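Morning. Please have the sequence and the model open.

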Amino acid sequence: MQTFTSFDKNSLDKLVTLLKSHNTEFISGEKLCKSLGLSRAAVWKNVKRLKSLGYKIESKPKIGYKLFEDTSLLLPWEVLDGLQTNRIGRKIYYFDTIDSTQNFALRLSEKPHENGSLVIAEKQTKGRGRLNRRWVSPKGGIWLSILLKPDIEISQTSLFPMITSLALTKAIEKTLRLDPKIKWPNDITLKGKKVAGILIDAAVESNKIDYVVIGVGINFRVDPRKISDKIKDSRASHGVTTLLREDQESDPKKLIQEFLLQLELLHDKIISNNLSEVRKQWLQKSSTIGKTVTVSTHNEIIKGRAITIDENGALVVSRRGKLKHILVGDISYL
Ligand code: BTN
């Protein structure tokens with residue numbers, strides 16, 4: 001298992017920065033040794049390590065090294081390079097394989113100075129979906145969790161699915177030029193098929209939220225058959241898709257950076273109680289409003305017409321002339 005954090009010391013990030021700053025020309029081994037304070041053998045070892053992480057580096061004896069292609073792995077220093085947020089994603093834990101980023105982030109909640117921390121993995125062996133479902137998380141997807149310790153009331157917990165789904169649709173639109181929709185409460189779909197899911201775990205203390213862990217699973221560049229073969233849940237029932245096909249070029253870093261930025265901006269709107277704009281934007285991206293739906297909650301099944309969402313993110317369904325506000329549930333379209 002390979003693990004990196006944004007704060008543990010390693011010379012890899014510095015080496016990448018140096019190689020990137022010379023990306024059209026070779027940089028000599030001697031210069032690298034001097035700048036990094038390392039021996040030639042150590043530089044060579046680090047270059048080998050970078051190659052194993054997917055960086056394409058050419059080495060020429062007596063001339064030096066040249067980086068000619070970046071990695072597509074979401075290594076901490078790659079995600080931080082160009083990240084525009086102030087708090088979210090400034091501290092990063094990266095795993096090539098983990099059981100669940102969500103479980104790791106939940107454990108982080110007990111530690112100090114973790115507000116905004118991002119946990120990210122290339123692959124999960126025990127990914128968790130909503131309603132205790134399994135979440136199949138092969139390589140090629142983006143599997144991440146964010147820990148937040150916001151100073152807000154319990155009643156506002158339901159706003160997190162809303163801002164997360166909105167931030168993700170905005171980021172997908174902007175960086176990939178696709179047209180995703182939100183299926184209430186927080187499935188992201190592309191041409192009607194699920195492409196990403198959101199899981200929110202929250203803990204409360206007295207009347208306040210202690211912490212929120214936002215889990216996001218994105219089928220970024222995976223073979224959807226690998227997922228649908230293994231699941232028998234809502235994703236299978238309305239189909240699974242991927243943002244990019246396996247033969248398409250990809251840069252997941254831009255998508256993540258944009259998502260984190262949008263999430264922070266929307267999160268700030270919750271904190272400053274500026275919700276009407278968030279709700280308006282969410283409604284524009286929703287595929288649910290106006291449809292006849294069946295909603296399964298923990299104690300009933302409600303059939304009716306989805307009218308809107310209220311200021312808490314609850315779905316408002318009209319049934320036989322009466323309005324029902326549903327905070328948690330699973331829906332299907334009729
Ligand atoms: C859903 O059921 O739609 C929500 C799926 C959420 C999956 C993500 S992947 C990253 C994080 N870690 C987990 O174990 N689950 C969430």
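By class, the shell around the ligand is made of six nonpolar, ten polar and four charged residues. Here nonpolar covers Ala, Val, Leu, Ile, Met, Phe, Trp, Tyr, Cys and Pro; charged covers Asp, Glu, Lys and Arg; the others, Gly among them, are polar. The model is predicted: local features need pLDDT of at least 70 and side-chain atom pairs count only at pLDDT 80 or more, while totals for chains, interfaces and linings use all residues. Residues are numbered from 1 along each chain as its sequence is written, and side-chain values use heavy atoms, with hydrogens and water left out.

In total 20 residues surround the ligand, a residue being near if one of its heavy atoms lies within 4 Å. The closest are Ser100, Gln124, Arg128, Arg130 and Lys194.

Now the polar contacts, meaning pairs of N or O atoms within 3.5 Å; within protein, one must be able to donate a hydrogen and the other to accept it, and residues adjacent in sequence count only if both atoms are side-chain atoms. Thr101 has a side-chain N or O atom 3.1 Å from a nitrogen atom of the ligand. Arg130 uses a polar backbone atom, 2.7 Å from a ligand oxygen. For Lys194 a polar side-chain atom is 2.6 Å from an oxygen of the ligand. Taken alone the ligand exposes 420 Å², and the protein buries 98% of that, with areas from the Shrake-Rupley method and a 1.4 Å probe; for residues, only the protein chains shown count as cover.

Which elements give two or more residues to this shell? They are helix H5 (101-108) and strands S6 (142-148), S9 (193-205) and S10 (208-218). Helices (H or I, at least four residues) and strands (E, at least two) are DSSP runs, numbered from the N terminus. S9 gives the largest share, four residues.

S8 and S9 pair in the antiparallel sense over three bridges; two strands pair if DSSP finds at least two bridges between them. Thr189 has Lys194 in S9 as its bridge partner. The hairpin of S8 and S9 has two residues between the strands, and Lys191 there takes a positive phi near 45°.

On its other pairing, S8 runs antiparallel to S7 (residues 181-183), again over three bridges, with Ile182 opposite Ile188. Three residues join S7 to S8 in a hairpin. Pro185 is in that loop, and the peptide bond from Trp184 to Pro185 is cis, with omega near 0°.

Are the faces of S8 (residues 187-190) buried or exposed? Both are covered: Asp187 and Thr189 on one side, Ile188 and Leu190 on the other, all buried. Buried means under 20% relative accessible area, exposed over 50%, and partly exposed in between (1.4 Å probe, protein chains only).

Next, S13 (residues 315-319) and S14 (residues 322-326), which pair antiparallel over five bridges. Arg319 stands opposite Lys322.

Last, helix H9 (residues 252-271). Its 20 residues reach 29 Å from first C-alpha to last, close to the 28 Å expected, which is 1.5 Å times one less than the number of residues. Of those 20 residues, 15 are buried.
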